[in-house]
Amino acid sequence: MTDPADPADFDKAAAGRAAVAEVQDGMLVGLGTGSTATQAIRALGARVAQGLAVRAVATSRASEALARQLGIVMLDFADVPRVDLTIDGADEIDDRLYAVKGAGGAMLREKVVAAASDRMVVIADGSKRVATIGAARVPVEILPFAHASLMAALGEGAVLRMQANAPYLTDNGNWIADGRFDLHDPVETAAWLDTIPGVLGHGLFLTEVDGAYIADAGVVSRLERDGPSR
Ligand SMILES: O=C(CO)[C@H](O)[C@H](O)COP(=O)(O)O
C-alpha cells in the first residue's frame, strides 16, 4: 500500500508518471512488478481511462490483476513476440544503468519481458540510485529440486527466501536464494550465475535497461544508456 504523504511514495508516483508519458497510442507495454511499478500501472490506467489505446503484458500475477482492474487490455506474454516499452522498478540502479532487481520476486519474468522489449525503463525513488550496485542482495531463482546443491554453489552468504515458514514460491513455482556477492565485476558475476545448472534467473540487469526516471524530492532525473543524462 502506498501513502501519498510519504516522500518516497510521492517520488515513486512522479517517476511512474514520467515513464508513462513515453507511452504512445498503439503500443504494447510491459508492466513491471513492485510498489514503484504499481504507480506506473496506475498512471497508465488513468491514461487509458482518458482514451489511450494500448495493450500490455505483465511480469507478475499481481501486476496483471491490477492492470485488468484498471481496464488495461492484457495479453498473455506467451503469445507476444515483441514489446514496445517496458516500465519496471529496481532495488538498486547506478549511472551505468546496471540494476539489481527481484526484491519483489519477479526478476525472471521481468528479465524475459525486458529482453523482448525495444526499450526498457527503470523507475525509482532516489533511495535506489547508487554510485555502483553491490549493497543489495542479488535474488537468484532456483529449481526447488536442486535447492541444497544450489545453495552450496551460491556460497554461504546466500539465504533461502522464506514466507510464512515455507520457501517463497515465485509465480513460476520456483524458489529464491538471496545471494550476497562481490559485485566489483558484475559482468563476471552475472556470467558465473548464468552457467550454474538449476539457476533459472537472477536479478542482475546489466544490459536490459535503456533508460531510467529517478525522482528525488519531487525532481525527476532521466538517465539514458546512449545519451546525456538530464
Ligand atoms: O524487481 C522487482 C520485483 O521483482 C521490483 O521492481 C523491485 O524489487 C523494486 O520494488 P519496489 O518498487 O517495491 O521497491
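A residue is called buried here if 20 or more other C-beta atoms lie within 10 Å of its own, exposed if 12 or fewer, and partly exposed in between, with C-beta atoms placed from the backbone. Keep in mind that this is a predicted model: local features need pLDDT of at least 70, side-chain atom pairs count only at pLDDT 80 or more, and totals for chains, interfaces and linings use all residues. Residue numbers start from 1 along each chain as its sequence is written.

**View 1. Alanine 166, an exposed residue in strand E11.** Alanine 166 has 8 other C-beta atoms within 10 Å, so it counts as exposed. Alanine 166 sits in strand E11 (residues 166-167); helices (H or I, at least four residues) and strands (E, at least two) are DSSP runs, numbered from the N terminus. For a sense of distance, take phenylalanine 145: from alanine 166 to this residue there are 21 residues in sequence and 15 Å in space, C-alpha to C-alpha.

**View 2. The largest nonpolar core, with Ala99 and Ala212 at work.** A nonpolar core is a set of buried Ala, Val, Leu, Ile, Met, Phe, Trp, Tyr and Cys residues joined through C-beta atoms within 7 Å. Nonpolar side chains tend to be buried together in soluble globular proteins. Which residues does alanine 212 contact, leaving aside its neighbours within four places in sequence? They are Ile93, Leu97, Val121, Val122, Ala124 and Leu223, where contact means C-beta atoms, placed from the backbone, within 7 Å.

**View 3. Where domain 1 meets domain 2.** The contact draws 13 residues from domain 1 and 14 residues from domain 2. On the domain 1 side, H4 brings the largest share, 4 residues. That side of domain 1 divides into 7 nonpolar, 3 polar and 3 charged residues; Ala, Val, Leu, Ile, Met, Phe, Trp, Tyr, Cys and Pro count as nonpolar, Asp, Glu, Lys and Arg as charged, and the others, Gly among them, as polar.

**View 4. The shell around the ligand.** Here 18 residues surround the ligand, and the closest are Gly34, Thr36, Gly89, Lys101 and Gly104; a residue counts as near if its C-beta atom, placed from the backbone, lies within 6 Å. Helix H2 (35-49) and helix H4 (107-115) each supply at least two residues of this shell, and H2 gives the most, with 3 residues. Sorted by class, the shell holds 5 nonpolar, 9 polar and 4 charged residues.

**View 5. An open sheet of 3 strands, E5-E6-E14.** The pairing in this sheet is antiparallel; two strands pair if DSSP finds at least two bridges between them. Strand E5 (92-93) and strand E14 (204-205) are the edge strands, each with a single partner, so one side of each has no neighbour in the sheet. E5 is joined to strand E6 (residues 99-100) by 2 bridges, and isoleucine 93 stands opposite alanine 99.

**View 6. An open sheet of 4 strands, E9-E12-E8-E13.** Again the pairing is antiparallel. Strand E9 (159-160) and strand E13 (199-202) stand at the edges with a single partner strand each, so one side of each is left without a neighbour in the sheet. Strand E8 (residues 138-142) pairs with E13 over 3 bridges, and glutamate 141 faces glycine 201 there as its opposite number.

**View 7. Strand E15 and its partners.** Of the 6 residues of E15, 5 are buried, so this strand is largely enclosed by the rest of the structure. Strand E7 (residues 117-125) runs parallel to E15 over 5 bridges, with isoleucine 123 bridged to tyrosine 213. Strand E16 (residues 219-224) runs antiparallel to E15 (residues 211-216) over 6 bridges, and aspartate 216 has valine 219 as its bridge partner. The hairpin of E15 and E16 has 2 residues between the strands, and alanine 217 takes a positive phi near 50°.

Key. Contact = placed C-beta atoms within 7 Å.
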